[in-house]
Amino acid sequence: ETDVNLNDLARSLNRKAWINKLTLFQIEALKREAKHELKKYDDEFSSHYGRLPSNDEKEPMRHIYETYAELRTGIHHKKGVQRLHRLRKLKTELRGQLKEYDNVFAMSHGGRAPTADEREPVREIYEQYCTLKEELSRIESVVEKTAEKKSKNKKENGS
């Protein structure tokens, strides 16, 4: 159960900001509630008129439809952020393992760093680290471009 009322959220002028403050669990619960309300409207309309409502006949539910779409976007965003945090954490852990190997190696080899051949025991970790680093770079680039686009749109719209 959420502390946020679906109808209050749907009628809010700043739904996106409100949604951004919610947890993933809360957003998912509100999305289920919105979907239930939309289905209930369709079912009641259908039982009364013997057919599903047209787009014009769905107009009284527009605020719920718009909220539902924004909740779906909010879920996608939250899951993306969570994934980004998990990938960053994993990258840090892998980098730590590689540094640890280098430090242990250096201590037992007079302070010198291992050669590529001497890093063979951690090759898989290194490859995973490099792949992860590239993936994070791509994701962060997309996030940065999206943020720039949003900023540009806000400036153009006078927000």
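1. Glu127 and Arg123 form a salt bridge in which the closest N and O atoms are 3.1 Å apart; a salt bridge here is a side-chain nitrogen of Lys or Arg within 4 Å of a carboxyl oxygen of Asp or Glu. Because Glu127 and Arg123 are four residues apart in helix 5, about one helical turn separates them. Helices in this note are DSSP runs (H or I, at least four residues), as strands are (E, at least two), and they are numbered from the N terminus. Glu127 is partly exposed, with a relative accessible area of 41%, and Arg123, at 35%, counts as partly exposed. In these terms, buried means under 20% relative accessible area, exposed over 50%, and partly exposed in between, with a 1.4 Å probe and protein chains only.

2. Please keep in mind that this is a predicted model, in which local features need pLDDT of at least 70 and side-chain atom pairs count only at pLDDT 80 or more, while totals for chains, interfaces and linings use all residues. Residues are numbered from 1 along each chain as its sequence is written, and side-chain values use heavy atoms, with hydrogens and water left out.

3. How many salt bridges does a search of the whole structure find? The search finds 13, and, as background, side chains of opposite charge can pair when their charged atoms come close. One of the pairs is Glu140 with Arg88, whose closest N and O atoms are 2.9 Å apart. This pair links distant parts of the chain, since Glu140 belongs to helix 5 and Arg88 to helix 4, 52 residues apart. Glu140 is partly exposed at 32% relative accessible area, and Arg88 is partly exposed at 35%.

4. Another salt bridge joins the side chains of Glu118 and Arg112, at 2.8 Å from N to O. Both ends can be described by their accessibility: Glu118 counts as partly exposed at 25%, and Arg112 counts as partly exposed at 36%.

5. The axes of helix 4 (residues 62-108) and helix 5 (residues 123-156) come within 9 Å of each other and cross at roughly 145°. Here the axes are lines fitted to C-alpha atoms, for helices over the stretch in contact, and the angles run from 0 to 180 degrees between N-to-C directions. Helix 4 passes helix 5 in a left-handed crossing, a term used if the near helix is turned anticlockwise from the far one by less than a right angle, with right-handed used if the turn is clockwise.

6. Which residues meet where these helices touch? Among those in helix 4 are Leu84, Leu87, Arg88 and Leu98, and among those in helix 5 are Tyr129, Leu132, Leu136 and Glu140, where contact means heavy atoms within 4.5 Å. By class, the contact of helix 4 with helix 5 has eleven nonpolar, two polar and seven charged residues. For this count, Ala, Val, Leu, Ile, Met, Phe, Trp, Tyr, Cys and Pro are nonpolar, Asp, Glu, Lys and Arg are charged, and the others, Gly among them, are polar.

7. The largest nonpolar core has 18 residues, of which Leu9, Ile27, Leu30, Ala34, Ile64 and Leu71 touch the most other members. Such a core is a set of buried Ala, Val, Leu, Ile, Met, Phe, Trp, Tyr and Cys residues joined through side-chain atoms within 4.5 Å. Helix 1, helix 3 (24-49) and helix 4 are the elements that give two or more residues to this core, and helix 3 gives the most, with seven residues. Leaving out residues up to four places away in sequence, Leu71 touches Leu9, Ile19, Ile27, Leu30, Lys31 and Ala34. A second, separate core of ten residues includes Leu84, Leu98, Tyr101 and Val122.

8. Val4, in the segment before helix 1 (6-11), is buried with a relative accessible area of 11%, and, apart from its neighbours within four places in sequence, Val4 is in contact with Leu9, Trp18, Leu22 and Leu30. Glu124 lies in helix 5 and is exposed, with a relative accessible area of 61%. Ser54 lies in the loop between helix 3 and helix 4 and counts as partly exposed at 33%.
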